[in-house]
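Subject: Structure for your review

Dear colleague,

Please find the structure below, followed by a summary of what was found in it.

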Amino acid sequence: MSATAGQAQGERGLAERLGLKPGQVVQEIGWDEDSDEELRQSIEELTGNELVDEDSEDVVDVVLLWWRDGDGDLFDALSDAMTGLADGGQIWVLTPKVGREGHVEPSDIGEDATTAGLAQTSSVSAARDWSGTRLVAPKGRR
């Protein structure tokens with residue numbers, strides 16, 4: 001296997017950890033210089049679409065929410081993220097891992113998600129410095 005093929009496989013692997021599929025439209029909210037570029041590129045490669053920015057009014061399949069302690073009110077951010085989310089869509093809250101600047105406690109995510117009417121379904125190591133928490137509308141509300 002060539003280095004390029006191995007790199008491409010690794011990049012697809014990052015996006016696949018999030019359960020993303022080809023053709024999905026992914027909106028990115030909260031990008032900053034500390035966001036993981038490898039993860040972002042893997043998402044674009046796997047889905048075949050560029051990431052949609054937070055000002056887009058299009059309906060999206062997935063919202064990628066980069067969130068750090070001190071970014072504001074997570075409930076408000078989740079509520080805003082849900083406005084353009086397709087039925088059956090999902091929100092991935094990406095937070096710095098434990099010990100990194102800006103780390104957010106999983107219990108804080110869970111509380112705000114529940115208040116926003118979302119259910120936490122899984123957590124993954126999304127990238128080298130980032131954890132991901134998958135949120136969806138409960139089945140009865142989809």
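In this predicted model, L74, F75 and L78 of α3 meet D108, I109, D112, A113 and T115 of α4, where contact means heavy atoms within 4.5 Å. Helices (DSSP runs of H or I, at least four residues) and strands (runs of E, at least two) are numbered from the N terminus. Local features need pLDDT of at least 70 and side-chain atom pairs count only at pLDDT 80 or more, while totals for chains, interfaces and linings use all residues. Residues are numbered from 1 along each chain as its sequence is written, and side-chain values use heavy atoms, with hydrogens and water left out.

The axes of α3 and α4 lie 9 Å apart, at an angle of about 50° (lines fitted to C-alpha atoms over the stretch in contact; angles run from 0 to 180 degrees between N-to-C directions).

The largest nonpolar core has 18 residues, of which L65, L78, I91 and V93 touch the most other members. Such a core is a set of buried Ala, Val, Leu, Ile, Met, Phe, Trp, Tyr and Cys residues joined through side-chain atoms within 4.5 Å; buried means under 20% relative accessible area (1.4 Å probe, protein chains only). The greatest contribution to this core comes from α3, with 4 residues. Leaving aside neighbours within four places in sequence, V93 is in contact with residues including L65, L78 and I109.

Q24 is found in the loop between α1 (3–17) and β1 (26–29), and it counts as buried because its relative accessibility is 16%.

Yours sincerely

Terms used
Buried < 20%, exposed > 50% of the residue type's maximum accessible area, 1.4 Å probe, protein only.
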